[in-house]
Amino acid sequence: MTLSVALGPDTRASTHTGTAASTDVLTAPDIPWNLVIWNDPVNLMSYVSYVFRSYFGYSEAKANKLMLEVHKKGRSIVAHGSKEQVEQHAVAMHGYGLWATVEKASSDGKGSGKGKGKRG
Amino acid sequence: MAKAFKNGLKGITGYLEPAERELLRSLFDDVISMLEPAERANQDPLAALVGLDAEAREPSDRALRRLLPNVMKNDDEASLEFRRYTERSLRENKIGALKAAALGLDKDELVLGPADARHWSTALNDVRLVLAERLDIRDDADAGHIHLMQDWSQAEDVESYLALVYNFTTWLQESLVQAMLASLEA
């Protein structure tokens with residue numbers, strides 16, 4: 001993270017990065033993606049709720065609702081957006097130690113409820 | 001005995017006995033050494049500098065896989081591609097938080113500002129994730145079983161010792177997160 005700041009003044013480096021990024025955007029169609037958080041027996045409910053509040057800026061009520069959904073249903077879609085956006089969120093969640101994946105928003109609209117029998 | 005973290009005027013404060021600090025220091029160090037990327041003789045220094053790792057692959061160790069999970073559930077190839085661009089900096093961020101938390105162990109009394117509290121909470125979380133894999137905690141029933149181990153006189157083998165350590169770090173993290181939640185309200 002800090003390294004990309006350090007590379008900032010080098011215009012050639014940043015131009016190059018910019019080109020790579022825009023190529024990416026062209027090849028990935030701009031369809032909605034979901035950020036999914038999976039249940040595990042280790043993460044504290046209070047901690048998961050804290051992460052949702054402090055990282056996403058969700059209200060206490062919304063954070064607790066999503067946390068309970070993870071706990072009871074095994075998974076919850078906690079954010080959506082472009083592929084790049086949800087991937088960035090996923091890395092942040094991995095930084096906090098939450099088990100996060102990204103998935104294409106499916107045609108059934110929600111894509112939830114499949115995780116019941118999965119590792120709890 | 002350690003005292004639970006509390007949110008107050010000075011920030012978040014806590015107290016640990018010397019033996020507890022030594023224990024936490026060794027746990028933080030263990031996870032740091034798990035996360036340190038292997039140095040490769042032929043690695044491209046510029047690629048390393050910008051966080052790329054063309055050789056990155058899904059870790060074979062279960063605990064490490066939990067710390068650095070695949071980003072897609074059913075697409076190993078796309079997950080690997082993503083890992084090559086992101087895993088190195090994820091490792092470095094985790095190591096940074098663990099090192100910052102370890103530095104704070106130099107004094108009996110802990111006084112944590114907002115950034116310190118974040119480092120501590122993620123460091124404790126990563127330690128717990130690793131211990132949980134070693135203890136084979138797969139579901140809430142396993143977690144409940146481990147939670148019953150509270151008495152240090154029961155520590156008779158490695159597994160019971162790990163369970164007690166896990167419960168101590170769980171208690172410590174919970175008290176810290178409660179203090180952090182209280183600081184959000186303030």
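A pocket, as the word is used in these legends, is an open set of grid points with protein on both sides within 12 Å along at least five of seven lines, and its lining residues have an atom within 4 Å of a point. The structure shown is a predicted model.

**View 1. The second largest pocket, with a lining drawn from chain A and chain B.** This pocket has a volume of about 410 Å³. Of the 22 residues that line the second largest pocket, those closest to its centre are A:D40, A:P41, A:V42, A:N43 and A:L44. Two or more lining residues come from each of strand 1 (33-38), helix 3 (45-56) and helix 4 (60-73) of chain A, and likewise from helix 6 (140-147) and helix 7 (158-185) of chain B. Among these elements, helix 6 of chain B gives the most to the lining, with four residues. Sorted by class, the lining of the second largest pocket holds 13 nonpolar, six polar and three charged residues.

**View 2. The interface of chain A and chain B, where 32 residues of chain A are in contact with 38 residues of chain B.** The area buried between the two chains is about 3,100 Å², and carbon and sulfur atoms give 63% of that area. Nine residue pairs are found in polar contact across the interface, counting pairs in which both residues are at pLDDT 80 or more. On the side of chain A that touches chain B, the elements giving two or more residues are helix 1 (2-7), strand 1, helix 3, helix 4, helix 5 (83-96) and strand 3 (100-104) of chain A. Helix 5 of chain A supplies the largest share of that side, namely seven residues. By class, the side of chain A that touches chain B has 17 nonpolar, eight polar and seven charged residues.

**View 3. A salt bridge between the side chains of B:E185 and A:R53.** The distance from N to O in this salt bridge is 3.3 Å, and the count between chain A and chain B is two salt bridges.

**View 4. The largest cavity, which holds about 90 Å³ of space.** The count for the model comes to two cavities of 30 Å³ or more. Chain A lines the largest cavity with A:V91 and A:H94, while the lining residues from chain B include B:L68, B:P69, B:N70, B:F82 and B:R83. Helix 5 of chain A and helix 4 (76-103) of chain B are the elements that give two or more residues to this lining, and helix 4 of chain B gives the most, with six residues. The lining of the largest cavity divides into six nonpolar, four polar and two charged residues.

Key: Residues numbered from 1 in each chain as written. Chains lettered and ligands numbered in written order. Predicted model: local features only at pLDDT ≥ 70, side-chain atom pairs only at ≥ 80, totals over all residues. Heavy atoms only, no water. 1 Å grid on protein atoms, 1.4 Å probe; cavity = no way out; pocket = protein on both sides within 12 Å on 5 of 7 lines; lining within 4 Å. Points joined across faces, edges and corners; volume = space filled by probe spheres on them. Nonpolar A, V, L, I, M, F, W, Y, C, P; charged D, E, K, R; others polar. Contact = heavy atoms within 4.5 Å. Buried area = accessible area lost by both parts, 1.4 Å probe. Salt bridge = Lys/Arg side-chain N within 4 Å of Asp/Glu carboxyl O. Polar contact = N/O pair within 3.5 Å; in protein donor to acceptor, adjacent residues only side chain to side chain.
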